[in-house]
Amino acid sequence: MPIDPTLPYDDQNIFAKILRGEIPCKKVFEDDCALAFHDINPQAPTHVLVIPKGAYVSWDDFSTKASDAEIAEFVRAVGQVARALGLVEPGYRLLANIGMDSHQEVPHLHVHIFGGKPLGPMLMR
Ligand code: AMP
């Protein structure tokens, strides 16, 4: 079910539990501000999620409330993960779902990194 983006941060969401180490993930990167791990239901040969360690519901919440330093570190982390995965030369796609129309399911900001094959048109037609 898509989340209601107007609700406050729910610290029982699945990515909050991953950040606290309460459930496992297939980690590919971690630094002070971000964690990246493989999506449990991959939709491309490479499908990795990058999340900030701070409690932000969505890109909207993050871009409103996070500090400039957090935003810079997170954006750099996304780029670093994509480079480490070898995706720059073949190309890749970033995607962040925000709220109901996007069908965001997990209410903790995550950027999807897709790659590993030609990804086709940007949206389903
Ligand atoms: P979204 O629709 O943008 O909220 O995407 C949520 C993503 O989280 C989906 O691609 C799910 O497959 C993924 N996901 C859900 N639970 C887990 C988990 N425990 N570990 C890794 N990925 C997950």
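Modeller: What follows goes through the terms one at a time.
The model is predicted, so local features need pLDDT of at least 70 and side-chain atom pairs count only at pLDDT 80 or more, while totals for chains, interfaces and linings use all residues. Residues are numbered from 1 along each chain as its sequence is written, and side-chain values use heavy atoms, with hydrogens and water left out.

Biologist: Why is H108 called buried?

Modeller: Buried means under 20% relative accessible area, exposed means over 50%, and partly exposed is in between, with a 1.4 Å probe and protein chains only. H108 has 0% relative accessibility, so H108 counts as buried.

Biologist: Where do H103 and H108 lie?

Modeller: H108 lies in the loop between β4 (92-95) and β5, and H103 lies in the loop between β4 and β5. Strands (E, at least two residues) and helices (H or I, at least four) are DSSP runs, numbered from the N terminus.

Biologist: What makes the phi of H103 worth a remark?

Modeller: Phi of H103 is near 70 degrees, a positive value in a residue other than glycine. Most residues other than glycine have a negative phi.

Biologist: What makes β3 mostly covered?

Modeller: In strand β3 (residues 46-52), 7 of its 7 residues are buried. Side chains in a regular strand alternate between the two faces of the sheet. In β3 both faces are covered: T46, V48, V50 and P52 are buried on one side, and H47, L49 and I51 on the other. β2 is also mostly covered, with 4 of its 5 residues buried.

Biologist: How do you know that β3 pairs with β2 and with β5?

Modeller: Two strands pair if DSSP finds at least two bridges between them. Strand β2 (residues 34-38) is joined to β3 by 5 bridges, and the two run antiparallel. β3 and strand β5 (residues 111-115) also have 5 bridges in the antiparallel sense. F37 stands opposite L49 in β3, and the bridge partner of V48 in β5 is I113.

Biologist: What makes β1 and β2 a pair?

Modeller: Strand β1 (residues 27-30) and β2 have 3 antiparallel bridges, where at least two are required. They form a hairpin with 3 residues between them. F29 stands opposite A36 in β2, and K27 has F37 as its bridge partner there.

Biologist: What makes the side chain of H108 a polar contact of P52?

Modeller: A polar contact is a pair of N or O atoms within 3.5 Å; within protein, one must be able to donate a hydrogen and the other to accept it, and residues adjacent in sequence count only if both atoms are side-chain atoms. The side chain of H108 reaches the backbone oxygen of P52 at 2.8 Å, so the distance falls within the limit.
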